[in-house]
Amino acid sequence: MVKILWVDDEIELLKPHILTLKSKGYEVDTCNNGYDAIDMATEKAYDVIILDEMMPGMTGLETLPLIKDVRPTTPVIMVTKSEEEDIMDKAIGSKIADYIIKPVNPSQMLLLIKKHVHSQQLVTEQTTADYRAEFGRIAQMVQDASTFRQWCNIYRRLVTWDIELSTSSDESIREVLQYQKNEANQEFGRFVRRNYKDWINRRDEDTPTMSHTLMRSKIFPTVDLNPKTTLLLIDNFRYDQWRAISAMLRGYYDVEVDDFYCAILPTATQYARNAIFAGLMPLAIDKLMPNKWLNDNEEGGKNQYEEDFLRRQIQQAGKRYTLSFDKLVRPEAGRKLLDNMRHVYDADFSVIVYNFLDILSHARTETDIIRQLTEDDASFRSLTRSWFEHSELYQMLKMLSERGHTVIITSDHGTVRVDNPIRVQGDRETSANLRYKTGRNLAYNSKEVFEITKPEEVQLPSINLSSSYIFAYNHDFLVYNNDANRHIRYYRDTFQHGGISMEEMIVPYIILQPKKLF
C-alpha cells in the first residue's frame, strides 16, 4: 500500500480530500506542523509527502530540507497559496518533486501522486502494451525485408525497444523481445548469405555503403562541405551504445545524420578498419601493398598502417586536406592528446581512433568483475555510458564543439554476445577468432555457418591455395572439437566480433554539427 504524509496547519479542512485518497486505497497520515512532520518522516518511510508552504512556527520551506536530511529520496509535493517566483525558486532549489496552488483540487492531487509514486509502473505498463502492439508489425517487416536499408530500420526499432524495455519489471515481455531479436538475426543471416557476394562484386542501388566505400561515399563529401571535420572511429561501437551516450552530447551538438553503413566480413578490426582507411577490400590491399598486410596466421600488428592507407586514399581521391591522425589505445594516450589538441584544431580533416570499447570487450572475457558488471546488453550500455561520462573522449568532444568542428562518429564493426557453440575442426594454421575461421582443411556443418570456399570471390586474401573462410551467425561461436568444453565454459556469454549479426554488421554512422553559441 502507498503511504502518504500530508502536512498542513489547516489539516482538518482537508478531510474530504484525505477520505478521497483513502477510498482509492492509499494510507494517509496527517499532522499540522513541521516539527511533527520531521518526527513522523524519521520514524516511518513514506512514498510521498505533501507539505504546506505557509505554516506558523516552522514554514514548509524550513521543514523541507530537514525532511530531505532524513528521507532524501522521498518525493515532496509542496502546496502553496503563492506563485511568487522567489518562493518557487527556493522550493525547487530545495528539490521538491512538484507543487500545487491552493485551493487544492482532489483530481489534481491524485494526478500528482500517481505521477511521482506510480510513474515507473504506469510507464512500464504502457511501454509493454505498445511493444505488444508493435510486435506483429516488426515481424512483418522482418518477413518482407529485401534491402539493407530495410534491415537498418528493423535494427533501429529493435534497439529502441530493447532500451525502452530494459527497465521493465515484466520479465516475460523482455523474453519476447529477445526471441524476436533472435528471429530477426536468423533472417538477417540468410539475407547476408543471399546478397553478400553481389554487394562486393556489383554496385547498384541496393548495394549498401560498406567499409571499403565509406570514405569515398560518406566521409569525404562531409569533409568537403565542412571546413573543420573530425572523424571519431570507436572500435566495437554499436548503435545501442550510441543511444546510451547521445543525450550527453545534446548541449554541444545537433545530430545532422543518424544512419548506418555495412561492415565487411570478417567483422574484425584487421579486415574492416584497414578496408575503411585504404578504401580497398583486403585482397586488394594484400596485392597492392603486400608489405602492409599480414594474414591471420602471421605474427605482428595487423593494423599498423592505417594512417598510410588513409593518406594514400586521400591523394588518390584528389583531395588536398591537411590531415591529423591519432590512435588512442591506452588511457594515457587520451590524456596526452587532451593536452595537445592544436594539431587537431588546425587540420582540415582530423581522425581519432579510439580503442577503449574493444579493450572493455576483451576485459569482460578475461575479468570476472567486468563480466558481472556487463551481464547483458543493457548493463553493457550502462557501463559504456559511465565510461564515456568520465572519459577524455567526452572532454575532447566538448572542446571540438567549442572550436566549431563537425564530428563524424562511427566504428569499424560492432560486437555481439555469444552463447551457442558450433564445433569445427582445423589444423594449427587455422585462425583463432571465435566468430570466423580461415585456413585449410576446415571441417564443419555447412548448414550452421556461412562458408566461402573461394575467398577471392569476396575479395579476401588466402593463407594458402586451399584456404576457405567460415562465419558464425547470430549468437553462435566457433570452438575446436579437441578442446570444446574448455572454450565453451570460458567464452559463453562474452562479447565477440567477426561474424554475421545485425549488431556486428549494421554500424552506426553519426554526423554532429556543433551548436552555435550566441
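Me: Which elements each supply at least two residues of the lining of the largest cavity?

Reply: Before that, keep in mind that this model is predicted. As for the general idea, rolling a probe the size of a water molecule over the atoms shows where empty space is left. In this structure, α7 (148-165) and α21 (502-505) each give at least two residues to the lining of the largest cavity.

Me: Which of the elements gives the most to that lining?

Reply: That's α7, with four residues in the lining of the largest cavity.

Me: OK, what is the volume of the largest cavity, and which residues line it?

Reply: Its volume comes to about 100 Å³. Around the largest cavity you'll find Y155, L158, V159, D162, K181, R238, D240, D377, M502 and E503. Sort that lining by class and you get six charged, four nonpolar and no polar residues.

Me: How many cavities of 30 Å³ or more does a search of the whole structure find?

Reply: Three. The second largest cavity holds about 40 Å³ of space. Its lining is made up of H17, T20, L21, K24, P106, M109 and L110. Here α1 (15-23) and α5 (106-117) are the elements that give two or more residues. By class, the lining of this second largest cavity has one charged, two polar and four nonpolar residues.

Me: Let's move on to strands. Why is strand β4 largely enclosed by the rest of the structure?

Reply: To read this, look at how much of each residue's area is accessible: buried means under 20% relative accessible area. In β4 (residues 76-80), five of the five residues are buried, so the strand is largely enclosed by the rest of the structure.

Me: Which residues of β4 point one way, and which the other way?

Reply: V76, M78 and T80 go one way, while I77 and V79 go the other, and all of them are buried.

Me: Which strands does β4 pair with, and how many bridges are there?

Reply: Take each partner in turn. Strand β3 (residues 48-52) runs parallel to β4, joined by four bridges.

Technical notes:
Residues numbered from 1 in each chain as written. Predicted model: local features only at pLDDT ≥ 70, side-chain atom pairs only at ≥ 80, totals over all residues. Heavy atoms only, no water. 1 Å grid on protein atoms, 1.4 Å probe; cavity = no way out; pocket = protein on both sides within 12 Å on 5 of 7 lines; lining within 4 Å. Points joined across faces, edges and corners; volume = space filled by probe spheres on them. Nonpolar A, V, L, I, M, F, W, Y, C, P; charged D, E, K, R; others polar. Buried < 20%, exposed > 50% of the residue type's maximum accessible area, 1.4 Å probe, protein only. Pairing = 2+ DSSP bridges.
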